[in-house]
Amino acid sequence: MTITNIQLNIIPDSRGEDTLEAEIISGEYRVTASVPSGKSKGKNEAFVLEPKKALEKFTEIKSQLLEKDFSSLEEFDNFLISLDGTPKKENLGGNLILVLSLGFTKLLAKADGLELYEEIAKISGVKAEKLPLCLFNLIEGGVHIHPAPNGAGLPFQEYLYIPQINSPKESLAEVMLVIRSLGEEIHQKYEHLRQGDEGGYTIPSNDPLVGLEFLQGQALLRLARPGLAENYRLGLDVAASTFFHDGLYLVGDKTMGEKVWIVGDDITTTNPESIKIAHEKNAINAVIIKPNQIGSVTETIRAANLAKSFGWKIIVSHRSGETKDTFIADLAVGLGADGLKSGCPLQEARLVKYQRLVEIEEKWHI
Ligand code: PEP
Ligand code: MG
């Protein structure tokens with residue numbers, strides 16, 4: 001595939017910070033792609049180049065991208081990776097390489113007449129036949145919130161509500177009811193209703209268990225559809241590396257094991273090498289996949305396939321600073337992932353990704 005033109009823009013993300021958007025044209029096909037950014041990051045994540053500098057770098061390499069005929073996504077990504085020439089993409093920036101890689105994947109889908117998730121499945125060697133569970137972040141803490149005026153805020157970053165149905169449509173309808181009840185409960189108790197970076201509610205308490213109590217409490221029991229509401233699980237983003245000893249997670253005198261998904265994120269950073277190390281240490285049984293941690297779609301697919309070969313669960317995730325690009329929803333379906341974690345659907349950049357899953361579900365059921 002040859003590229004006719006590429007326009008790189010700077011757009012605001014959901015936090016109002018600058019990020020990159022690429023518009024890429026190949027003959028009659030035109031696509032746009034944009035990249036998110038994280039705040040709680042692993043130390044091995046791909047380097048994020050300041051967007052204005054990325055524009056300068058892009059101007060330097062643009063003609064080389066327009067001259068070549070790329071026969072595959074891997075060839076396109078490898079070309080950019082070799083132009084960069086550094087292990088963490090410090091030269092071109094993981095954000096610049098990824099925005100081009102996302103766009104190129106979308107172009108391939110158009111040229112092949114496929115849905116984006118079908119193209120990703122084709123590249124990954126996966127049979128896309130499963131819809132992921134939705135992991136909704138309803139209560140926020142940690143570095144994603146501004147503490148209340150009295151300084152209080154939950155120390156754990158995410159309290160996830162996870163309907164146990166592989167129907168994004170039903171999950172989304174259900175979670176909207178939960179969110180409404182939850183908002184009422186929090187407001188009633190604290191006369192406070194604020195949202196964190198991902199659209200989930202904040203709670204003016206420093207006790208990490210309070211978030212869990214809210215998700216298990218009265219709010220859910222009063223739901224209009226009690227049958228569904230019984231069938232959910234909870235998730236936490238707790239920085240668990242702080243209580244990992246000798247191959248076991250110790251919480252008080254209890255160990256966490258088979259029933260629990262212990263999910264690697266900052267220790268694995270969607271990086272095959274780090275994933276191998278986590279496997280050797282038997283540290284996790286599930287992994288977060290975030291394309292911008294590694295900085296290209298090809299490497300993202302490689303990381304996910306490796307994790308799957310270990311029998312791990314796969315959760316595709318957004319970042320705390322997001323755009324309206326819905327690529328990760330297609331990625332989750334195309335990789336055959338077990339879950340999609342995309343924040344709280346009260347925020348548009350999060351909602352559109354769940355809605356894309358609903359769109360795919362509707363196509364499948366027609
Ligand atoms: C996360 O930690 O899973 C997350 C989505 O936040 P961030 O993008 O800040 O890492
Ligand atoms: Mg994080």
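Hi everyone. Let me start with a word we'll need: a cavity here is a set of grid points, taken over the protein atoms alone, where a 1.4 Å probe fits but cannot get out. The model you see is a predicted one.

With that in mind, how many cavities of 30 Å³ or more does a search of the whole structure find? There are two of them.

Where does ligand 1 sit relative to the domains? Domain 1 (5–114) and domain 2 (133–365) each give residues to its shell, so ligand 1 lies between the two.

Who are the neighbours? There are 14 residues around ligand 1, and Lys39, Ser40, His144, Ser320 and Lys341 come nearest. Sorted by class, that shell holds eight charged and six polar residues, with no nonpolar ones.

Let's look at some contacts made by oxygen atoms of ligand 1. Serine 40 uses a backbone N or O atom, 2.6 Å from a ligand oxygen. For aspartate 265, a polar side-chain atom is 3.4 Å from an oxygen of ligand 1. Glutamate 158 has a side-chain N or O atom 3.5 Å from a ligand oxygen. As for cover, ligand 1 has 290 Å² of accessible area on its own, and the protein covers 99% of that.

Methods. Residues are numbered from 1 along each chain as its sequence is written. Chains are lettered from A and ligands numbered from 1 in the order in which they are written. This is a predicted model: local features need pLDDT of at least 70, side-chain atom pairs count only at pLDDT 80 or more; totals for chains, interfaces and linings use all residues. Side-chain values use heavy atoms; hydrogens and water are left out. A residue is near a molecule or strand if one of its heavy atoms lies within 4 Å of it. A polar contact is a pair of N or O atoms within 3.5 Å; within protein, one must be able to donate a hydrogen and the other to accept it, and residues adjacent in sequence count only if both atoms are side-chain atoms. Accessible areas come from the Shrake-Rupley method with a 1.4 Å probe; for residues, only the protein chains shown count as cover. Ala, Val, Leu, Ile, Met, Phe, Trp, Tyr, Cys and Pro count as nonpolar, Asp, Glu, Lys and Arg as charged, and the others, Gly among them, as polar. Domain bounds come from an automatic or database domain assignment. On a 1 Å grid over the protein atoms alone, a cavity is a set of points where a 1.4 Å probe fits but cannot get out, and a pocket is an open set with protein on both sides within 12 Å along at least five of seven lines; lining residues have an atom within 4 Å of a point. Grid points are joined across faces, edges and corners, and a volume is the space filled by probe spheres set on the points.
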